[in-house]
Amino acid sequence: MRETRMVYPVFPGETNHYGTLFGGTVLAWMDQAAFVAATRHARKKVVTVHADAVDFKRPVPLGAIVELVARLKEVGRTSMRVEVEMWVEPVKEGEEAYLAARGGFVLVALDERGRPSPVPPLEGGGARAPHGA
């Protein structure tokens with residue numbers, strides 16, 4: 001299964017008054033990673049139609065490096081479910097990377113007229129969404 005990985009540094013403009021990454025920025029970065037993963041699979045225009053619950057597990061401090069890992073989990077007729085994890089790579093020696101957030105996104109492929117368009121199945125006979133969604 002193909003993964004999409006994106007890396008971002010956490011700068012002061014992306015943090016709140018506690019010195020941690022804004023939750024809205026986390027959601028935006030996760031949605032971007034899901035978009036790239038779905039676009040790579042569908043090879044056409046895709047749009048986000050649903051975001052599952054996003055679990056914020058630990059705060060992300062200013063100065064950290066975050067890596068988003070997006071994986072296609074299910075494919076329907078026109079839709080794709082993507083799971084995204086955000087991992088924090090602290091910059092101090094001796095600290096270990098940790099999972100900061102995890103969430104799911106559903107994206108739909110569109111044709112030239114903006115209508116839902118079929119996408120290829122997952123390689124290796126992966127999961128299909130129920131009812132050909």
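What percentage of the 133 residues of the protein count as buried? The figure is 41%, where buried means under 20% relative accessible area, exposed over 50% and partly exposed in between, with a 1.4 Å probe and protein chains only. The model is predicted: local features need pLDDT of at least 70, side-chain atom pairs count only at pLDDT 80 or more, and totals for chains, interfaces and linings use all residues. Residues are numbered from 1 along each chain as its sequence is written, and side-chain values use heavy atoms, with hydrogens and water left out.

View 1. Helices (H or I, at least four residues) and strands (E, at least two) are DSSP runs, numbered from the N terminus. Read from that end, the elements follow the order β-α-β-β-β-β-β-β. The C-alpha trace spans about 45 × 30 × 20 Å along its principal axes. Contact means heavy atoms within 4.5 Å. Of the contacts with a separation of 6 or more, 71% are between residues 24 or more positions apart. The accessible surface of the protein is about 7,600 Å², and carbon and sulfur atoms hold 54% of that area; such areas come from the Shrake-Rupley method with a 1.4 Å probe, and for residues only the protein chains shown count as cover. There are 17 positive and 16 negative side chains, with the centres of the two sets 8 Å apart. Here Lys and Arg count as positive and Asp and Glu as negative, while His and the chain ends are not counted. The place of a charge is NZ of Lys, CZ of Arg, CG of Asp or CD of Glu.

View 2. α1 has 20 residues and reaches 28 Å from its first C-alpha to its last. This is close to the expected 28 Å, a span defined as 1.5 Å times one less than the number of residues. The buried residues of α1 are T25, V26, W29, M30, A33, A34, A37, A38, H41 and A42. An α-helix has 3.6 residues a turn, so residues three or four places apart point the same way.

**View 3. A38 is a buried residue of helix α1.** The relative accessible area of A38 is 0%. Beyond its neighbours within four places in sequence, A38 is in contact with V46, M80, V82 and L107. The C-alpha atoms of A38 and V106 are 9.0 Å apart, although 68 residues separate them along the chain.

**View 4. The largest nonpolar core has 34 residues.** A nonpolar core is a set of buried Ala, Val, Leu, Ile, Met, Phe, Trp, Tyr and Cys residues joined through side-chain atoms within 4.5 Å. V60, M80, V82, V84 and M86 touch the most other members. Two or more residues each come from β1, α1, β4, β5 and β6. α1 gives the largest share, eight residues. Residues up to four places away in sequence aside, V82 touches A34, A37, A38, A70, R71, L72, K73, G103, G104, F105 and L107.

**View 5. R43 follows helix α1 and has a positive phi.** R43 lies in the loop between α1 (23–42) and β2 (46–51). Its phi is near 60°, and R43 is a residue other than glycine. Most residues other than glycine have a negative phi. R43 counts as exposed because its relative accessibility is 62%.

**View 6. F22 sits in the loop between β1 and α1.** At a relative accessible area of 37%, F22 is partly exposed. With its neighbours within four places in sequence left aside, F22 is in contact with G13, E14, T15 and N16. The C-alpha atoms of F22 and P120 lie 35 Å apart, and 98 residues separate the two along the chain.

**View 7. R58 belongs to the loop between β3 and β4.** Its relative accessibility is 47%, so R58 counts as partly exposed. R58 touches Y98, L99 and A100, residues up to four places away in sequence not being counted. R58 and V88 are 30 residues apart along the chain, and their C-alpha atoms are separated by 9.3 Å.
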